[in-house]
Amino acid sequence: MLDDATRDAIADELVAADRDRTTVPLLTARHPDMTIDDAYAVQRRWADRRAAAGARLVGRKIGLTSKVMQVATGITEPDYGVIFDDMVIESGSTVEFDRFSNVRIEVELAFVLADRLEGPHTTIFDVLDATAYVVPALEILNSHIELQGRTIVDTISDNAAMGAMVLGGRPVKVDEVDLRWVSALLSRNQTIEESGVAAAVLGHPAMGVAWLANKLAQHGQALGAGEIILAGSFTRPMWVERGDTVHADYRDLGAVTCRFE
């Protein structure tokens, strides 16, 4: 495991990469003994620096919960990151392309919690009981670490590649629809690039939220009432370029859209 000084130095490096909109070499290549615990410690230090600068925590993201995402990244276990208030974007917005590095889009469902969720024994039923509503979302990935050869340790350290989320569509109560069968068509410039069904996330998207509550308990944390939880992508990440318009059609749950300039 890394000492505290090294963890602090890595967190500072990632803060600078976010500020300067650059990428850094693989952490695991430079620190081959770095562990998952080290990675989450680095992420917490990075988040503490953001909070100290005035950012407000509004939720969490879960990553790599679907087989399609694990195959796409070569990483075989879920991870999580934090969401700050300046990462929340309304559907229909124009997004600054240069704000992010390695810009990709994922299709997800966001769970907005009415009640606190605390592990280590949280179940899917606890999640459904605690959820105020579910709403369609796009996640904008933002990787500050070079992509080739990265491991889950690199990804976790980089706040699970969380850049921003675009919220839109129609919020629904968990008993209004069968969340497993929520589907979406993801288009770039009016051409469908990806499609998927929410059951690809661990069999039910609420399972990702349960996993997160139980994982956070290992670190002495819990999910708070009012938090927005991105439950994980059920499509592969789609690359976008400056000038692209992105549109995700969730059928009965409406659509989410944004344009990168």
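Predicted model: local features only at pLDDT ≥ 70, side-chain atom pairs only at ≥ 80, totals over all residues.
Local features were considered at pLDDT of at least 70 and side-chain atom pairs only at pLDDT 80 or more, whereas totals for chains, interfaces and linings use all residues. Residues are numbered from 1 along each chain as its sequence is written, and side-chain values use heavy atoms, with hydrogens and water left out.

The protein chain contains seven helices and 13 strands, taken as DSSP runs numbered from the N terminus (helices H or I, at least four residues; strands E, at least two). Along the principal axes, its C-alpha atoms occupy a box of roughly 50 × 45 × 35 Å. Of the contacts (heavy atoms within 4.5 Å) with a separation of 6 or more, 77% join residues 24 or more positions apart.

Of the 261 residues, 54% are buried, that is, under 20% relative accessible area, with exposed meaning over 50% and partly exposed in between (1.4 Å probe, protein chains only). Helix α7 (residues 205–217) is mostly covered, with 10 of its 13 residues buried; among them are P205, V209, L212 and L216. The buried residues of α7 pack against α3, β1 (57–63), β2, β5, α5 (124–130) and β10 (228–230).

Three aromatic pairs are present in the structure. Rings of Phe, Tyr and Trp (its six-membered ring) pair if their centres lie within 6.5 Å; planes under 30 degrees apart count as stacked, over 60 as edge-to-face and the rest as tilted. One of the three pairs is formed by W46 and F84, which are tilted at 55° between the planes and 6.1 Å centre to centre. This pair links helix α3 (residues 36–52), which holds W46, to strand β2 (residues 79–84), which holds F84, across 38 residues. Both W46 and F84 are buried.

The planes of F97 and F260 stand at 90° with ring centres 6.4 Å apart, so this pair is edge-to-face. Because F97 lies in the loop between β4 (93–95) and β5 (104–113) and F260 in strand β13 (residues 255–260), the pair ties together parts 163 residues apart in sequence. F97 counts as buried at 13% relative accessibility, as does F260 at 0%.

A further ring contact involves a charge: the charged end of R104 sits over the ring of W239, 5.3 Å from its centre. The criterion requires NZ of Lys or CZ of Arg within 6 Å of the ring centre and within 35 degrees of the ring normal.
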